[in-house]
Amino acid sequence: MEPFSFGLLADIQYADRPMRMGRYYRNALGKTRQCMDKFNGMSVDFCVHLGDLIDWPDRPDKGREALAAIMPVMREFRGPMYYLLGNHDVDSVPSAELAAWFEMPGGQTWYSFDHKGVHFVALDCNFNAQGVPYRPEANKWDECYLPHPQLRWLEADLAAAQSDVVVLMVHALLDDFEDPHVIKNAPEVRRILENCNKSVVVLQGHMHTGHESVKNGIGYHTLRSIVDGRTRTCYWVVEVGPGGITAAVYDSTRNNGRPTRRVLLEYE
């Protein structure tokens with residue numbers, strides 16, 4: 001396995017509207033530019049945003065304006081950028097349109113790719129219990145599911161993956177605890193991950209304060225948001241090597257801005 005690193009951030013939620021609940025929507029634009037500058041300076045191979053790039057609920061006109069403002073900033077990163085859909089994204093602009101904006105592979109909102117011997121999986125949890133895609137007028141933000149076709153796809157994708165190391169990425173949480181940020185059918189997803197006979201780590205957004213847990217040997221790691229705080233910026237640089245995966249966690253309000261280290265996955 002050839003060592004490499006990638007950038008990771010979550011919940012930018014850019015919108016040209018006033019601060020609410022500690023979320024500085026307008027400031028997210030400048031904070032995102034700071035992150036892109038850092039990723040370019042560290043020469044990471046690619047970058048992933050874990051969902052909720054914009055936040056204009058039930059206003060597709062404003063959502064498109066937000067996309068038109070934030071996407072040029074995201075494109076300042078000099079490398080591939082991978083996107084996941086979050087509830088605020090699809091609350092603002094229809095998912096099919098977002099898939100085009102984000103140039104998702106095959107126009108599909110869940111997908112996988114391989115990079116230097118590691119298999120990456122991106123999921124879309126924006127569905128209700130009946131498998132209907134999220135719609136602001138019909139769904140609740142805290143009742144999200146992975147539909148059965150996506151679960152079957154995940155099972156088949158993991159079985160076909162050539163790599164024994166899997167980085168699974170999803171917007172809402174797959175942890176085993178009671179919380180509105182957790183995907184409702186998370187136990188089904190965890191069973192698939194636990195039975196795939198591969199080394200797996202899960203990277204998530206959605207819970208703005210961040211979180212981490214371990215269940216049956218699989219780590220579930222949630223990033224802090226970009227949008228919260230007037231000037232605070234939080235991002236990760238994930239480093240993949242022959243012995244495991246670690247993250248340099250950057251948070252401008254902690255440790256004088258110096259990164260803390262977090263072990264995400266160990267393998268032989």
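User: Which strand does Val121 lie in?
Analyst: Quick heads-up: this is a predicted model, where local features need pLDDT of at least 70, side-chain atom pairs count only at pLDDT 80 or more, and totals for chains, interfaces and linings use all residues. Residues are numbered from 1 along each chain as its sequence is written, and side-chain values use heavy atoms, with hydrogens and water left out. Helices (H or I, at least four residues) and strands (E, at least two) are DSSP runs, numbered from the N terminus. On that numbering, Val121 lies in strand S5.

User: Is Val121 buried or exposed?
Analyst: Buried means under 20% relative accessible area, exposed over 50%, and partly exposed in between (1.4 Å probe, protein chains only). Val121 has 0% relative accessibility, so it counts as buried.

User: How are the rings of Phe39 and Tyr235 arranged?
Analyst: Rings of Phe, Tyr and Trp (its six-membered ring) pair if their centres lie within 6.5 Å; planes under 30 degrees apart count as stacked, over 60 as edge-to-face and the rest as tilted. A search of the whole structure finds 16 aromatic pairs. In this one the centres are 5.4 Å apart and the planes of Phe39 and Tyr235 are at 85°, so the pair is edge-to-face.

User: How many residues apart in sequence are the parts that this pair, Phe39 and Tyr235, ties together?
Analyst: Phe39 sits in helix H1 (residues 28–42), while Tyr235 is in strand S10 (residues 234–241). Phe39 is buried at 0% relative accessibility, and Tyr235 is buried too, at 7%. The parts tied together by the pair are apart in sequence by 196 residues.

User: What kind of pair do Phe46 and Phe113 make?
Analyst: Phe46 lies in strand S2 (residues 46–49) and Phe113 in strand S4 (residues 111–115). Both Phe46 and Phe113 are buried. Their ring centres are 5.7 Å apart with planes at 85°, so the pair is edge-to-face.

User: Which ring does the charged end of Arg59 sit over?
Analyst: A charge sits over a ring if NZ of Lys or CZ of Arg is within 6 Å of the ring centre and within 35 degrees of the ring normal. For Arg59, the distance to the ring centre is 5.8 Å. Arg17 lies over the face of that ring as well, 5.4 Å from its centre. The ring belongs to Trp56.
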